[in-house]
Amino acid sequence: MGVLAHKCIELGLDRKASLALGHEHKLDDSAAEFVAMCVEREASLPSSLRAKEADRVFHEPPVQWTTVDALGSPVVVRGFIDRLIQLDDGSVEVVDFKTDRIGPDELAERAGHHRTQLALYGLALEDAGLCVRSLTVAFLAIGQEVTVPMDDELRRIGRKALDSA
């Protein structure tokens, strides 16, 4: 269901079209409704509103970054960023969509669980010469998100993950 929700968002589908696509993909009513609900909630998130105002927005840009760990051994990071927003000052915001079924009381803990992934994306983009302002994890099922700045703490988290890879 998460992959389909991501695809619906990437295609710019509304709730009705997302529900129809869910049924086309043979999802049962409950699963198709979940996808449609995630798409509907995504549209009202602050990061989505920033994306609508931005001059450039990239959906699913690939990341392949080769770097070295503390011992000088090569490490390759691969993935896809769900949304990359170029902000008015030229910096970028990374947005990562999650369809985890969590409660509002779990938001901070679950966002913390994804910090390493966000940190690695941020380091990769900085290494490519981009100025990363912030990274957002958007929990679509509850329509809430957590945004963190790309700061030294996040860089340390990313470097630590690379060194233990």
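**Ground rules.** I noted that this is a predicted model, in which local features need pLDDT of at least 70 and side-chain atom pairs count only at pLDDT 80 or more, whereas totals for chains, interfaces and linings use all residues. Residues are numbered from 1 along each chain as its sequence is written, and side-chain values use heavy atoms, with hydrogens and water left out.

**The whole chain.** I listed seven helices and seven strands, where helices (H or I, at least four residues) and strands (E, at least two) are DSSP runs numbered from the N terminus. Read from the N terminus, the order is α-α-α-α-β-β-β-β-β-α-α-β-β-α. I then checked the radius of gyration, taken over C-alpha atoms, against the globule rule of 2.2 Å times the number of residues to the power 0.38: a compact globule of 165 residues would have a value near 15 Å, and the 17 Å of the chain agrees with that. Of the 165 residues, 46% count as buried, meaning under 20% relative accessible area, with exposed over 50% and partly exposed in between (1.4 Å probe, protein chains only). For contacts (heavy atoms within 4.5 Å), I looked at those between residues at least 6 apart in sequence, and 61% of them join residues at least 24 apart.

**Helix α4.** Which residues of α4 are buried? In this helix, residues 46-53, I found S47, S48 and A51 buried. They lie on the same side of α4, because they cover an arc of only 100° around the axis, the arc being that of the directions from the helix axis to the C-beta atoms. The face turned away from this buried side carries the exposed residues K52 and E53. I also noted that the buried residues of α4 pack against several elements, including α3 (29-42), β1 (56-59) and β6 (132-139).

**Residue R101.** I found R101 in the loop between β5 (92-98) and α5 (107-113), and R101 counts as exposed because its relative accessibility is 57%. Leaving out residues up to four places away in sequence, R101 touches M1, F34 and A141. R101 and F139 are 38 residues apart in sequence, and their C-alpha atoms are 8.3 Å apart in space.
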